[in-house]
Amino acid sequence: AAPSEGTAAGKTGTAQTGQFRDGEELKNYWFAGFYPAEKPRWTIVVMQDAQTEPEVSSAAVFARLCDALSAGAWMVLLFCLLFWLRYVTIYLYLYG
């Protein structure tokens with residue numbers, strides 16, 4: 001989950017749901033981390049609910065979101081709208 005600029009730190013996770021689609025178990029995938037790693041300003045959690053295999057990894061979404069944050073606020077809004085359409089939940093926390 002390496003952004004284009006700066007460094008980030010985080011951890012991936014996968015959870016079973018006990019739900020099935022076409023005989024394949026649906027899982028929840030997520031990545032939680034902070035950016036930039038040297039002096040954290042953002043805590044970010046990317047969660048993909050009830051997926052058989054995500055199209056894009058949660059860690060990759062995290063890295064792209066870090067890039068959007070470094071580009072400016074309007075990029076973050078655009079980024080979130082694009083990924084919201086793919087059943088991805090993004091939580092952002094700005095350090096005060």
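## Exercises on a predicted model

The protein chain has an average pLDDT (the predictor's confidence in each residue, from 0 to 100) of 83, and 85% of the residues score at least 70. This is a predicted model, where local features need pLDDT of at least 70 and side-chain atom pairs count only at pLDDT 80 or more, while totals for chains, interfaces and linings use all residues. Residues are numbered from 1 along each chain as its sequence is written, and side-chain values use heavy atoms, leaving out hydrogens and water.

**Exercise 1.** Work out how many bridges join β1 to β2.

*Solution.* Start with the strands, which are DSSP runs of E with at least two residues, numbered from the N terminus. Strand β1 covers residues 9-21 and strand β2 covers residues 24-35. Two strands pair if DSSP finds at least two bridges between them; here there are ten, and the strands run antiparallel. One example is F20, whose bridge partner in β2 is E25. Finally, look at the turn: two residues lie between the strands of this hairpin, and D22 there has a positive phi of about 55°.

**Exercise 2.** Decide whether A9 is buried, partly exposed or exposed.

*Solution.* First, locate A9: it belongs to strand β1. Next, recall the cut-offs: buried means under 20% relative accessible area, exposed over 50%, and partly exposed in between (1.4 Å probe, protein chains only). A9 is partly exposed because its relative accessibility is 26%. Now check its contacts (heavy atoms within 4.5 Å). Leaving aside neighbours within four places in sequence, A9 touches A32, G33, F34, A37 and F62.

Note on methods. Helix = DSSP H or I, 4+ residues; strand = E, 2+ residues; numbered from the N terminus.
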